[in-house]
Amino acid sequence: MEVGYLPDMFGHVAQMPQLLRLAGLDHAVVWRGVPSAVTGTAFWWEAPDGSRVRAEYLPHGYGNGASTPKDAEALVRRLDAYETELGDRLSPTGPILWMNGTDHQMPQPWLGRVVDEINASQDHFALDMTGLADYLATASTDGLDTIVGEMRSGVAANLLMGVGSNRVDVKIAAARAERALERRAEPLCALFAPAWWWPQALFDVAWLEMIRNSAHDSICACSHDEVCEAVIARYAEARQIAEGLGDTALKILAATLATTGPIVVNPSARGRSGLVEVVVPGNGALADTQLLGERPATVLDTTVAGRDLGTVLGQIRSQQFGPDTYVIDVEVEQSDDAVTVTFHADAELRENLLVDEVKRELYALGGARPDTPFHLRVIQEPSRRVLARVTDLPGYGWAAWEPEALDVAPVKGTASGRGITNGPVTIEVDATDGSFSLNGVSGLDRLVDDGDHGDTYNYSPPDHDRVIEHPERVSVEIVEAGPLRGQLRVVRTYNWPERIDDESRSRVGSRELEVVTILELRAGEELVRVTVELDNTVRDHRLRSWFPLPERARTSRAECAFAVVERPTSAEGGSTELGLPTYPSRRFVQAGGLTVVHEGLLEYELVDLKEPGGSAGALALTLLRATGMLSRVEMTYRPLPAGPPLPLEGAQVQGRHTLRYGVALGTDRAPWALVDDAFLPLEVVNAAALGDEPDRGSALTVLGAEVSSLTRRAGALELRVFNPTDEAVTVVVEGRRGELVDLRGAPLTSFESRFVLGPWAIATARLLDES
């Protein structure tokens, strides 16, 4: 139906009215999230760019007319009661929208008869059986309230804001699959592979899995364990398809180049500098790089008697002799006194060699000459894996890698032995609690664990909580000390309560857990990368990382779909749900001079308030939330159930987790750039001079706005951009012409190399010529 039907969303993104309008839809139907400022049963819902739709508000849910009785008089009584319940929301002449249906309900065959009987027996109600699209086509727009931006109120219907932090494994799987498809596979395939090769069928499979997971109870993981397992499997399939397509597109690019050796590729639209790992010939240190590993010229050099030949030959499995060492050729030289066997190896399996057949011949030779010394060697071209910094790589561009002088200060350890610095940025670990300071701002990444007696929908503390803020032991070691990358390994050992006892509503027991944190700082970068690994063996708890703010803040700015939203330190709740200001962010959040980026760690809260709704002194990022119930009754923060009271094991998120996030001081640099730096690395592929393209170039230059997607549609490049600011910008697509289209592909206007994008606007550009 031609309606934006969104009643059961756990909150609404700010840009939804613009998205609906771009898809040709003028109406939305909503229930959850609508704030108390709405006084009627409809309102104007406006996006930040000014686009608006008429929103039909269902104040009592999308099933107010479910289970309609077979008796006409009984239905009239229900309608009378509902009219009274609507009160001042209802205009004197109506109409009343009676939604006949709800979750899992079959159509009611007696409905037509009952409607006819009511219309014939009284004149207060005139019942008309219709669909939403027909009803909304004639709905009144007089005197409507206007709501701008996102809607996250729980005043009339529970928002269920805790769905952003349950089942962190599902949220991380979603983030990785989205990035692999949107940010890597589609742009790389669109730009570096020929149009005729475009793998539409594979992309269709991947996107179908993503869309199947977009049902709110699926992506939000407020479902049974079996459902969540299926969701994770779909994300894994979509991600693996995307990774394979992205890798193939890089190889296609390499095959078009006239040069040989490592090629560095930038999969993002913005120009970038950064670190890459490259493999180069030779051994030993290489100036202005960081040595990560070496492949010696000789892997094995030993002499054994023929009878003992099997002790060495048994180490070769198929063609592999140890990690990343593949036998590609064998030479055998015999004399009266000795036999020399030379295995030539490489880091990649380049050709099929019948090693087992060669081994059988050698076994036979050893048996025939049991006392003869066999000199066995495994040799390869010596090489080294180094970390190198590349500079000024164009957006959607590539460049042949060549050693270059380091253009920024190197990374080195600090005098304390617990810190690293790259010049502009210095981090030091606090040996008492494992937190770190960043340029003097201390206490960052302090872990706080508290009890959670809630469910998959809401966090709720137990009546008797034990909040654990301090580890029992802390150890710190420098893993890498530069000059291009520094890493600190921080091990914090805690005693966390094992679970919550339902009868006493208290955290009970104690279990020792290790949390291993890797802090990483790179030359020339302001971002501190944080990777946390833990084996979660306790239950019914919430683990958060606290970041003290350089300046107290009354608001936060967080990424949502195609926008940044500013939020206060309070949230509107209702009689059946406490309004918690635990908000979602897609990939980053900013507050008080601090930026935090993350991979699927959606929930944050501004904490350390001096008074409710006042300024905050810290930002808390939820790392995981473990609960044992799909829905629970009599919770502290939500007394009524939100779903069936089913016990779950998967929602306790037991087992090993790897959590990735990062932090930077200041808000000057675009947070989208920090996200790319953290999670969309520069790529390296090897070229073999198979083509005639130059060793440096860019497939597409896009300036002036954030790129949301770059794909192919009906053979043509399709570029989607958005403007996350309150000022108009000019989008430049160098050397290309095209037309702007709506979300259904209908043309809107043409452009030559550039077009104006209004404040907070979204645009889809179809490029009509290929360079």
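Angles over 145 degrees between helix axes, taken along their N-to-C directions, count as roughly antiparallel. Keep that cut-off in mind for the first two views, and please note that the model shown here is predicted.

**Figure 1. Helices α5 and α6 cross at roughly 155°.** Helix α5 covers residues 168-192 and helix α6 covers residues 200-212, and their axes come within 12 Å. The crossing angle of roughly 155° is over 145, so α5 and α6 are roughly antiparallel to each other. The handedness of this crossing is left-handed. On the α5 side, the contact is made by Ala177, Glu178, Leu181, Glu182, Ala185, Glu186 and Cys189. Facing them from α6 are Phe203, Ala206, Trp207 and Met210. By residue class, this contact holds eight nonpolar residues and three charged ones, with no polar residues.

**Figure 2. Helix α6 also meets helix α8.** Helix α8 runs over residues 225-255, and its axis comes within 8 Å of the axis of α6. The two axes cross at roughly 150°, and α6 and α8 are therefore roughly antiparallel to each other. The crossing of α6 past α8 is left-handed. From α6, the residues to look for are Leu202, Phe203, Val205, Ala206, Glu209, Met210 and Arg212. Their partners in α8 are Arg234, Tyr235, Glu237, Ala238, Ile241 and Leu245. Nine residues of this contact are nonpolar and four are charged, while none is polar.

**Figure 3. Helices α2 and α3 cross at roughly 75°.** The axis of α2 (72-86) and that of α3 (residues 111-121) come within 9 Å. Angles from 65 to 115 degrees count as roughly perpendicular, and α2 and α3 therefore fall into that class. Ala72, Leu75 and Val76 of α2 touch Val114, Glu117 and Ile118 of α3. This contact comprises five nonpolar residues, one charged residue and no polar ones.

**Figure 4. The largest cavity has a volume of about 80 Å³.** The model contains six cavities of 30 Å³ or more. Around the largest cavity you will find Thr41, Glu56, Tyr57, Leu58, Pro59, Asn64, Tyr82, Leu86, Leu90, Pro95, Ile96 and Leu97. Strand β4 (52-57) and helix α2 (72-86) each supply at least two residues of this lining. The lining divides into nine nonpolar residues, two polar and one charged.

**Figure 5. Two loops show backbone details to check.** The peptide bond between Gly482 and Pro483 is cis, with omega of about 10°. Pro483 sits in the loop between strands β21 (473-481) and β22 (485-496). The second detail is at Arg167, where phi is positive, about 40°, although this residue is not a glycine.

Figure 6. For a sense of scale, Tyr583 lies 156 residues from Glu739 in sequence, and their C-alpha atoms are 37 Å apart in space.

Notes: Residues are numbered from 1 along each chain as its sequence is written. This is a predicted model: local features need pLDDT of at least 70, side-chain atom pairs count only at pLDDT 80 or more; totals for chains, interfaces and linings use all residues. Side-chain values use heavy atoms; hydrogens and water are left out. Axes are lines fitted to C-alpha atoms, for helices over the stretch in contact, and angles run from 0 to 180 degrees between N-to-C directions. Helices (H or I, at least four residues) and strands (E, at least two) are DSSP runs, numbered from the N terminus. Angles under 35 degrees count as roughly parallel, over 145 as roughly antiparallel, 65 to 115 as roughly perpendicular and the rest as oblique. A crossing is left-handed if the near helix is turned anticlockwise from the far one by less than a right angle, and right-handed if clockwise. Contact means heavy atoms within 4.5 Å. Ala, Val, Leu, Ile, Met, Phe, Trp, Tyr, Cys and Pro count as nonpolar, Asp, Glu, Lys and Arg as charged, and the others, Gly among them, as polar. On a 1 Å grid over the protein atoms alone, a cavity is a set of points where a 1.4 Å probe fits but cannot get out, and a pocket is an open set with protein on both sides within 12 Å along at least five of seven lines; lining residues have an atom within 4 Å of a point. Grid points are joined across faces, edges and corners, and a volume is the space filled by probe spheres set on the points.
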